[in-house]
Amino acid sequence: MGEARRRVIVTDEGPVLVYGPTDVEMPDGTRVRSDRAVTALCACGRSRRRPFCDTSHRRRVRGEEGKEHAP
Amino acid sequence: MTTTMLGTPTLPAPRGPLSGAVLSALRGDRPELPDVEESPPYGEDLQLALYCCYELHYRGFRGVDAEREWDPALLAFRAGLERAFLGALRDDVPADADVEGEISALLVEHVDAFGVSHHLRRRGELWQLREYVAHRSLYHLKEADPQTFVIPRLDGPPKTALVTVQHDEYGSGDPERAHSRLFADMMVELGLSDTYGAYLDSAPAEVLAEVNFMSLCGLHRGLRAALIGQFATVELTSSPGADRMVKAMRRLGCGPTALRFYAEHVEADAVHEQLVRREVIAPLLRAEPGLAPDVSFGIRGSTFLAARLEERLLHHWNHGESSFRDGSNAGRP
């Protein structure tokens with residue numbers, strides 16, 4: 001990166017984005033590495049792949065509301 | 001000169017006069033090129049003809065001269081096929097400048113939606129999972145390649161961010177982790193052939209149309225914004241779908257190598273979604289607001305084509321039938 005400070009983006013709707021390789025220490029002391037150029041860390045608490053975002057923060061709807069095709 | 005890359009596919013069987021003429025031209029004949037107007041734009045014949053024209057820009061075909069890629073007669077014929085396909089799509093999915101609204105709609109999870117991944121997760125059978133993976137191999141064995149064509153057509157922040165995503169797709173410096181490689185490993189574990197192009201003959205038009213749309217938008221600079229829309233659609237919708245595929249594969253007793261491809265996509269695409277929205281689309285439309293209708297066309301076009309494929313697969317499976325063309329059993333164990 002060539003910068004002493006790492007870029008971090010706090011998104012309003014979802015994860016915290018961390019730029020550069022990341023070493024995350026979990027509450028139980030275990031460490032999780034991410035070698036991605038950018039890592040999305042869960043900030044909503046709903047991810048089933050913590051510490052990483054799995055898009056569980058997304059709004060969930062039933063029926064016709066906001067109807068579009070879903071994969 | 002015939003340059004043959006490792007894993008160059010063999011020519012498929014023709015599906016009508018258009019694909020027949022293209023295949024004959026690829027073999028080096030000078031066939032009479034038939035009238036494109038007569039053929040249904042989403043049909044088997046036109047889509048295969050187009051797919052074969054585009055494949056020349058990826059790996060080509062075994063025994064086909066590499067120079068065919070820039071054969072003026074073939075390119076002129078391809079332009080006619082593209083006009084028919086693009087014209088039909090423009091009619092079916094009118095563009096709209098509201099990209100923000102289009103994206104918001106993609107980010108909503110429909111709890112009661114029912115697509116292929118929902119079916120596979122709840123009650124799909126192993127042979128259906130295999131068929132799905134075989135169909136998807138037409139894209140995933142060259143995953144990220146159609147979108148790479150757009151790189152020189154971008155500039156500044158959108159270009160940098162798109163390359164960051166592509167770097168991840170190509171394994172972040174480790175070829176073993178390239179998504180196309182993870183897909184190939186999954187195919188082998190599922191008892192499928194990971195040979196590039198092995199399932200071209202069994203893939204119905206709906207499978208070809210999805211890949212053709214990516215190639216069309218990737219290869220035309222004038223459609224670069226539509227390519228970004230297509231790219232965004234995949235990156236935005238894939239995490240939840242991949243999560244359902246992981247659950248489907250666990251339920252069906254698939255091994256860890258098979259699971260890895262979709263598990264990787266849950267996490268990777270959660271990141272890619274953010275990059276595509278914030279660092280590709282937002283700065284692109286700030287710099288060139290006039291591209292908004294084409295971004296939206298790319299989103300709607302790929303959503304429309306994905307829905308047609310899902311419909312076809314579910315229709316066949318609900319009748320206990322193979323979704324392979326003409327009941328060919330190429331992917332059946």
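Me: Which residue in β2(A) does Val8(A) stand opposite?

Reply: Keep in mind that this is a predicted model. β1(A) pairs with strand β2 of chain A, residues 16-19, in the antiparallel sense over 3 bridges. Across that pairing, the residue in β2(A) opposite Val8(A) is Val18(A).

Me: Okay, and why is one side of β1 and of β5 in chain A left without a neighbour in the sheet?

Reply: The open sheet of chain A has 3 antiparallel strands, in the order β1-β2-β5. β1 (8-10) and β5 (38-41) of chain A each have a single partner strand, so one side of each has no neighbour, and the reason is where they stand: at the edges.

Me: How many degrees does the twist average from one strand to the next?

Reply: We're still on that antiparallel sheet, β1-β2-β5 of chain A. Going from one strand to the next, the twist averages 15 degrees.

Me: Which helix of chain B lies across β2 and β5 of chain A?

Reply: Look for a helix covering residues 256-287 of chain B.

Me: Now chain B: which helix gives the most to the side of domain 1 that touches domain 2?

Reply: Chain B splits into domain 1 (17-91) and domain 2 (98-318), and 15 residues of domain 1 of chain B are in contact with 12 of domain 2 of chain B. On the domain 1 side, α2 (44-55) and α3 (72-92) of chain B each supply at least two residues. The one giving the most, with 6 residues, is α2(B).

Notes
Residues are numbered from 1 along each chain as its sequence is written. Chains are lettered from A and ligands numbered from 1 in the order in which they are written. This is a predicted model: local features need pLDDT of at least 70, side-chain atom pairs count only at pLDDT 80 or more; totals for chains, interfaces and linings use all residues. Two strands pair if DSSP finds at least two bridges between them. Helices (H or I, at least four residues) and strands (E, at least two) are DSSP runs, numbered from the N terminus. Axes are lines fitted to C-alpha atoms, for helices over the stretch in contact, and angles run from 0 to 180 degrees between N-to-C directions. Two residues are in contact if their C-beta atoms, placed from the backbone, lie within 7 Å. Domain bounds come from an automatic or database domain assignment.
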